[in-house]
Amino acid sequence: MPDKKHKLSFEFKNAWETMDEKEKDDVFKFNEGYKAFLDNGKTERECVKEIIKQAKENGYKNIEEFINGNETLKEGSKIYANNKGKAVALFVIGKELIEKGMHVVGAHIDSPRLDLKPFPLYEDGGLALFKTHYYGGIRKYQWTTIPLALHGVIINKKGEKINIVIGEEENDPVFFITDLLPHLAKDQNEKKLSEGITGEGLNILIGSIPYKDDEIKEKVKYNILKLLYEKYGIEEEDFLTAEIEVVPAGKAKDVGIDKSLVGAYGQDDRVCSYTAMQAIFKISNPIKTAVTLLVDKEEIGSVGNTGMQSRFFENTVAELIALQSNDFSILKVRRALSNSKVLSADVGAGFDPNFPDVLDKRNAAFIGKGVLISKYTGARGKSGSNDANAEFLAMVRKIFYENNILWQIGELGKVDQGGGGTIAYILANYGAEVVDCGVPLLSMHAPMEIASKIDVYMTYKAYKVFLEA
């Protein structure tokens with residue numbers, strides 16, 4: 001039998017209790033940069049723009065510079081690859097050939113939101129409104145009666161790309177989706193929560209002043225079009241070739257009297273994207289090529305040419321191997337991907353005392369206990385899950401312990417309660433070793449999500465030691 005000093009039982013620690021005052025200061029400083037990133041990147045396009053800006057400031061060069069011969073690929077080369085302005089990959093070339101495998105942290109930069117329909121503008125009851133189509137797994141009732149902003153691009157008849165952001169500046173107007181007053185909500189109150197607000201009912205109020213011309217039938221709508229034309233030079237037809245996203249207005253905020261938490265829109269999964277980006281910026285000469293992969297469309301199944309199911313990552317790796325090798329073959333690309341080790345960087349559900357019954361408390365993640373490892377996600381019987389191998393989990397645990405990374409393990413919820421997925425299974429399809437690893441959140445997929453600053457910081461440290469391992 002072990003002696004009394006040898007502790008057989010185990011429990012995860014609160015990360016705040018392990019830190020001295022200097023490192024606590026580092027935590028708060030790191031999260032100021034994180035909040036700024038959230039404010040500057042409320043859409044996937046804005047995220048890519050901000051990521052590339054910061055990458056350039058950290059010495060990264062466009063992969064096209066290497067492909068066209070202006071730059072030479074070598075150990076320590078720092079490279080970014082931009083996929084249609086909606087996804088991006090960052091590479092630091094390692095001492096070993098890429099064929100021998102990479103260390104990858106893969107996250108996604110899209111978040112649940114509302115999109116304007118292709119023909120959105122209409123007038124009813126003396127009001128002008130935009131029709132929307134929600135994107136990803138939202139709870140529709142949460143999007144009513146909160147201030148909203150418009151972000152996106154419109155391509156006009158001349159082919160000019162016009163960027164639009166309305167609702168974020170101090171003097172900007174904001175937008176709202178109305179809801180019923182309680183005095184008239186008898187029928188609504190009898191519906192299920194998921195049916196109280198319908199998808200077709202998520203219409204955004206955008207104006208009410210009519211244009212003064214008796215010959216015009218829809219005067220409020222026309223006045224809105226006139227204002228849009230005067231400011232942006234766009235006409236109603238231009239909405240047909242537009243991508244306008246509706247997101248909560250306002251900046252990321254500190255939460256709590258102790259300011260220990262961050263409240264903001266889009267933390268799923270921009271919290272893992274930011275920490276992965278900052279982690280690779282600290283990597284200079286890794287043994288394995290280090291990769292931060294930030295993709296689009298995860299919230300709707302990772303489909304499309306900017307999602308993880310596209311060939312973007314595979315094709316980019318092929319380009320790098322071709323630059324590194326005089327005898328390129330697709331077999332080397334397959335070996336590189338199969339030999340890789342990956343942290344699928346996505347958020348998990350933190351234990352919420354207001355809703356304790358949906359989680360198995362012994363296997364739940366807790367706010368403030370560090371970076372979260374999820375061996376599997378999926379729904380009910382692990383359906384759609386990667387389910388990481390024990391050997392790889394042991395390797396990650398060893399790396400974290402050796403580098404004093406505070407971590408925890410947790411499931412998304414009780415077995416029969418529901419579930420969700422990440423990009424893990426797609427990367428695993430290449431034969432790579434993959435496990436989900438990220439930040440636990442409260443109110444995931446809500447217009448305002450909450451993360452612990454200590455978990456954000458510990459996730460950054462975890463990604464950094466994994467990339468350089």
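Trainee: Where is L180 found?
Mentor: L180 sits in the loop between β8 (161-166) and α4 (186-189); helices (H or I, at least four residues) and strands (E, at least two) are DSSP runs numbered from the N terminus. The model is predicted, so local features need pLDDT of at least 70 and side-chain atom pairs 80 or more, while totals for chains, interfaces and linings use all residues. Residues are numbered from 1 along each chain as its sequence is written, and side-chain values use heavy atoms, without hydrogens or water.

Trainee: Why does L180 count as partly exposed?
Mentor: Its relative accessibility is 42%.

Trainee: Which residues form a nonpolar patch on the surface?
Mentor: L180, L181 and L184 do, with about 280 Å² of accessible area together (Shrake-Rupley method). Patch members have over 30% relative accessible area and no salt bridge (Lys or Arg nitrogen within 4 Å of an Asp or Glu carboxyl oxygen), and nonpolar side chains are joined within 5 Å.

Trainee: What makes up the largest nonpolar core?
Mentor: That core has 64 residues, and I51, L90, F400 and Y463 have the most contacts inside it. Its largest share, 10 residues, comes from helix α11 (453-467). Core residues are buried and joined through side-chain atoms within 4.5 Å. Beyond four places in sequence, L90 touches residues including I51, Y60, F281 and V291, with heavy atoms within 4.5 Å.

Trainee: What makes β15 an edge strand?
Mentor: β15 (348-349) pairs on one side only. Pairing takes at least two bridges, and 2 join β15 to β21 (440-442), so they count as paired.

Conventions:
Buried < 20%, exposed > 50% of the residue type's maximum accessible area, 1.4 Å probe, protein only. Patch = residues over 30% accessible without salt bridge, like charges linked within 9 Å, V, L, I, M, F, W, Y side chains within 5 Å. Areas by Shrake-Rupley, 256 points an atom, 1.4 Å probe, with all protein chains shown as cover. Salt bridge = Lys/Arg side-chain N within 4 Å of Asp/Glu carboxyl O.
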